[in-house]
Amino acid sequence: METQEIIAESPKRPLHGFGPLQIPLFRDRWIASTVSNLGTWMQDTAGTWLMTVLSAGSPLLIALMQTAASLPVLLLGLLAGATADIFERRRLLIFWQSWMLVTVGLVTVLTFAGVVGPYQLLALTFLMNIGAAMNNPAWQAIVPELVPREQIPDAVSLNSASNNLARALGPALGGLMVAAFVKASTGAGWVFALNSASFAAVIWVLWRWKRKPLFKSALPAERMAGSIRSGLRYLRFAPELQASLIRAFLFTFFVSAVWALLAAIAARELKQGAMGYGLLNGAMGAGAVVGALLLPRIRARFDADSILRVTSVVYIAILLVLAWVPIPVVAIAVLLIAGFCWTSTMSTLNTSVQLVSPAWVQARALGAYLTVFQGGLALGSAVWGYVAEHSSVPVAMTASAIGLAVTLPFALRFHILQGKLPDLGPYVWRRPARELVIQPELEDGPVRIVIEYFVAPEDYAEFTRLIHKMENVRLRTGAIRWGVFRDAANPERMEETFVMESWLDHLRARERMTAADAMVRDRLWELHKGEAPPHVEHQLYVKEVTS
């Protein structure tokens, strides 16, 4: 998850990865989250096995359970990220945790009443995961508020360990509870009831939290549509973030075959019941926990690209073994490795998103990541379930392995966490905004900013390199157009020009400038000839005055 350069900056950081747990607030959140995750994974196993019983083992309906869990994030991920960046995150989290508590309570009642069918189960699973989809960007975005920046990779790994510890125990416990009753619906009902109660622990921790946000704008809050647009604009002009999203989609789309078809593999290929399915899921969770615990040491020796490359190659072999070696002991061993590779990959990608996104847009970046991540799972689950339904499970698994192998060279072109990480903390302006004769209203616009430089011929090459770096800075912080021009009559004179939709957007762009952005701008200004800094003009669009 970190590159070797990042490790070198923090030589005293312990390699055991447990540092964030020494912070009481993070520790309380982690414990409550682990309890909730345990209930969620118990429900995932019980719900999937209940679908296996209700649908007479239909691979398509079983795979659609994964789609129902993933599709809400695909549909709502950007909206969830925008709400998390606009509204107070503590209250938002309490609302969506309560939504999940109530929704799981409803599925519990219907299951005990014996009136739940395959399609009702799919619908209720979808509703529950609407809450999860809206909750997750805010839940992940609060990590930098709980731990120092240098501990974010370890905090993400511990969160992954929490989820995967629950994944190791939850499926086995869920399968055991379902198997303990004569009717699968009775056992599943009790699992659903326990999961509903588990959300109370998270709500209690959030209720007691006295939040202190890292970034709080002094300007009016963005509207929802504008917030989504600005998040997408940032993504469009942030190549490092794009690389993480592309790698996430390609990996999850093909590897989703394991998650989507594991129940079918257990029932059809390995001839196992609910308990056997739970143990297979638990094996993958156990491997994931080991991976999360060893990641700090792995990161100290290998960069992010190497980790992602190795885990992808190993997963190709895992998919083929699960397809053609129907031996339970072998499947358990392979799934242990699968869990290790899964958490190594996902923690690396998740951390990369958090470390390359400034605070003002972090929840939206995480929302986009979760949209792509779950979109890959949802689409892949449906595709591989369809292939299995119309051919066989081994054929679907083999096809996913081939797809992962074919796309791997393309994926390796997108690099993750290379070099020294930029300082994405907010830039502290040393001077107030320029006093203007016309005092614009916030909604006035468009606004055109023109910056005049005079550059010596010997500095021209470096100037062009730096000024084109500023293009992404201007565009991802709010500009709708950008350009740089050279005066044909005076070759030393350059003009950088960019347009904002309104004066409010211009003020927001000042707030959004990071320390790393300011370093590029300051070096650019150093190339300007003259004792005074470059001349800056703020021009307002002239509207027709009608009598």
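How many aromatic pairs does the count come to? In this predicted model, the count comes to 15 aromatic pairs. A pair of aromatic rings is described by the distance of the centres and the angle of the planes. For phenylalanine 95 and tryptophan 96, the ring centres are 4.8 Å apart and the planes stand at 80°, so this pair is edge-to-face, since planes over 60 degrees apart fall in that class. Tryptophan 96 is buried, because its relative accessibility is 11% and the limit for burial is under 20%. Phenylalanine 95, at 46% relative accessibility, is partly exposed.

Another pair is formed by tyrosine 369 and phenylalanine 373. Their ring centres lie 6.0 Å apart and their planes make an angle of 20°, so the arrangement is stacked; the cut-off for stacking is under 30 degrees. Both residues belong to helix 14, which spans residues 362–390, and they are four residues apart in it, so about one helical turn separates them. Tyrosine 369 is buried, with 3% relative accessibility. Phenylalanine 373 is also buried, its relative accessible area being 11%. Tyr369 and Phe373 take part in a cluster linked by ring pairs, together with Phe251, Trp259, Tyr315 and Trp342.

Aromatic rings also meet charged side chains. Arginine 29 is placed over the face of tryptophan 139, at a distance of 4.2 Å from the ring centre. In a further case, arginine 486 lies over the face of tyrosine 460, and here the distance from the ring centre is 4.1 Å.

The packing of helices was examined next. Two packed helices are described by the angle between their axes and the distance between the axes. Helix 13 comprises residues 328–355, and its axis comes within 9 Å of that of helix 14, with a crossing angle of roughly 150°. Helix 13 and helix 14 are therefore roughly antiparallel to each other, as angles over 145 degrees are classed in this way. The crossing of these two helices is right-handed. Helix 13 contains isoleucine 337, a residue that is partly exposed, with a relative accessible area of 44%. Between isoleucine 337 and alanine 283 there are 54 residues of separation in sequence, and their C-alpha atoms are 8.8 Å apart in space.

The strands were considered last. Strands of a sheet pair through backbone hydrogen bonds, either parallel or antiparallel. An open sheet is built from four strands in the order 2-3-1-4, with antiparallel pairing. Strand 2 (481–486) and strand 4 are at the edges and have a single partner strand each, so one side of each has no neighbour in the sheet. From one strand to the next, the twist averages 15°.

Strand 1 covers residues 447–454, and six of its eight residues are buried, so the rest of the structure largely encloses this strand. Strand 1 runs antiparallel to strand 3 (residues 493–500), to which eight bridges join it. Within this pairing, valine 447 stands opposite methionine 500 of strand 3, and tyrosine 453 faces methionine 494 in strand 3. Strand 1 also pairs with strand 4 (residues 535–540) in the antiparallel sense, over six bridges. The partners in strand 4 include histidine 538, which is bridged to isoleucine 449, and glutamate 537, which is bridged to valine 450.

Strand 3 is mostly covered as well, with six of its eight residues buried. The pairing of strand 3 with strand 2 is antiparallel and extends over six bridges. Strand 2 and strand 3 form a hairpin, and six residues lie between them.

Note on methods:
Residues are numbered from 1 along each chain as its sequence is written. This is a predicted model: local features need pLDDT of at least 70, side-chain atom pairs count only at pLDDT 80 or more; totals for chains, interfaces and linings use all residues. Side-chain values use heavy atoms; hydrogens and water are left out. Rings of Phe, Tyr and Trp (its six-membered ring) pair if their centres lie within 6.5 Å; planes under 30 degrees apart count as stacked, over 60 as edge-to-face and the rest as tilted. Buried means under 20% relative accessible area, exposed over 50%, partly exposed in between (1.4 Å probe, protein chains only). A charge sits over a ring if NZ of Lys or CZ of Arg is within 6 Å of the ring centre and within 35 degrees of the ring normal. Two strands pair if DSSP finds at least two bridges between them. Axes are lines fitted to C-alpha atoms, for helices over the stretch in contact, and angles run from 0 to 180 degrees between N-to-C directions. Angles under 35 degrees count as roughly parallel, over 145 as roughly antiparallel, 65 to 115 as roughly perpendicular and the rest as oblique. A crossing is left-handed if the near helix is turned anticlockwise from the far one by less than a right angle, and right-handed if clockwise.
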